[in-house]
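Take a look at the sequence and the model below. Then read on for a short tour.

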Amino acid sequence: MSSYLHPAVPGEDPLLRPTENGSENTRKSSAKNGTAQSGSGSDTTVRARIPNQYRPISTHLAITPPVSVVIPAMNEAENLPYVFKSLPDWIHEVVLVDGNSTDDTVAVARELRPDVRVVEQRGKGKGDALIAGFAACTGEIIVMVDADGSADGEEIVAFVSALVSGADFAKGSRFANGGGTDDMTPVRKLGNHLLCAVVNAKFGARYTDLCYGYNAFWRYCLDEIDLDCTGFEVETLMNIRVAKAGLRVQEIPSHEYLRIHGASNLRAVRDGIRVLRVILGEHTVRRRRAASLPLNTRRGAAT
């Protein structure tokens with residue numbers, strides 16, 4: 001079992017410390033100590049609790065790494081109550097990146113969650129916001145969540161579970177078995193399918209969804225993918241560079257709901273062209289790098 005995992009037995013505290021010999025740490029104590037007890041009579045066995053180490057994320061699982069949730073937002077004051085309400089209470093921190101909102105986005109966020117970390121975006125674009133948010137995170141695991149209410153925060157447990165079980169990158173998919181979308185038009189679905197097929201063919205990936213912003217990953221992945229995209233196509237760039245870096249990816253079925261308030265800025269044709277440019281640009285870089293290597297290296301010979 002991964003060192004990040006700890007089984008939580010129904011009816012028992014998942015934050016229990018084992019002794020060095022593999023058995024549970026025990027000591028005699030009276031009920032007034034407030035710790036979990038088992039056994040009978042005065043010889044009551046008490047298991048010691050590990051403070052701030054294991055964090056229960058379900059009735060059967062607890063983890064150690066802190067989880068940061070990054071939410072890029074601009075004028076999403078009406079949607080934040082729904083977004084924050086869906087977030088699990090075991091997350092380590094919420095990082096809200098405010099894109100110069102003219103409404104009460106920041107005030108609402110602080111009212112809903114006083115410990116929210118607010119990052120003021122200096123540039124423009126979703127990619128720029130995410131990069132700023134990632135830099136502000138202190139958790140080992142980072143989760144990306146949109147601020148429009150289209151993502152279900154309760155799904156975060158599935159993403160985190162995949163990461164602590166061995167994946168480097170947990171990628172949300174609306175088209176994996178169990179996923180779905182209420183928001184995509186037939187034209188956008190077709191475009192996403194075609195662009196996804198191109199990425200799979202060019203970069204050896206096996207994605208079922210390409211342009212979806214609900215993802216989670218270990219913080220160290222940022223060093224591997226080196227993000228430098230400021231627009232919304234940053235999600236596509238992440239998926240491509242994750243594949244190019246050879247990181248372990250697990251797709252997580254996810255359901256995309258309709259935006260609750262406000263209007264979307266997505267435009268199928270315009271956005272499809274921008275995504276295609278990213279794909280072609282990354283493929284060109286890949287070919288240039290391969291061409292710059294010695295011939296024996298390109299053939300897989302040892303160096």
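The report below goes from the whole protein to a few of its parts.

This is a predicted model, where local features need pLDDT of at least 70 and side-chain atom pairs count only at pLDDT 80 or more, while totals for chains, interfaces and linings use all residues. Residues are numbered from 1 along each chain as its sequence is written, and side-chain values use heavy atoms, with hydrogens and water left out.

The protein has nine helices and 15 strands. These are DSSP runs, numbered from the N terminus: helices are H or I with at least four residues, strands are E with at least two. Of the 303 residues, 45% count as buried. Buried means under 20% relative accessible area, with a 1.4 Å probe and protein chains only.

Three elements form a right-handed β-α-β unit:

| Element | Residues |
|---|---|
| Strand β8 | residues 93–98 |
| Helix α2 | residues 105–112 |
| Strand β9 | residues 117–120 |

Right-handed means that, with the strands pointing away from the viewer, the path from the first strand over the helix to the second runs clockwise. β8 and β9 pair in the parallel sense over four bridges. Pairing takes at least two bridges found by DSSP. V95 stands opposite R117 in β9.

N215 lies in strand β13 (residues 215–218). N215 counts as buried because its relative accessibility is 0%. Leaving aside neighbours within four places in sequence, N215 is in contact (heavy atoms within 4.5 Å) with residues including I142, F159 and G172.

Helix α7 spans residues 234–244. Nine of its eleven residues are buried, so α7 is largely enclosed by the rest of the structure. Among the buried ones are L237, M238 and R241. Just after α7, G246 takes a positive phi of about 75°.

Methods. Buried means under 20% relative accessible area, exposed over 50%, partly exposed in between (1.4 Å probe, protein chains only).
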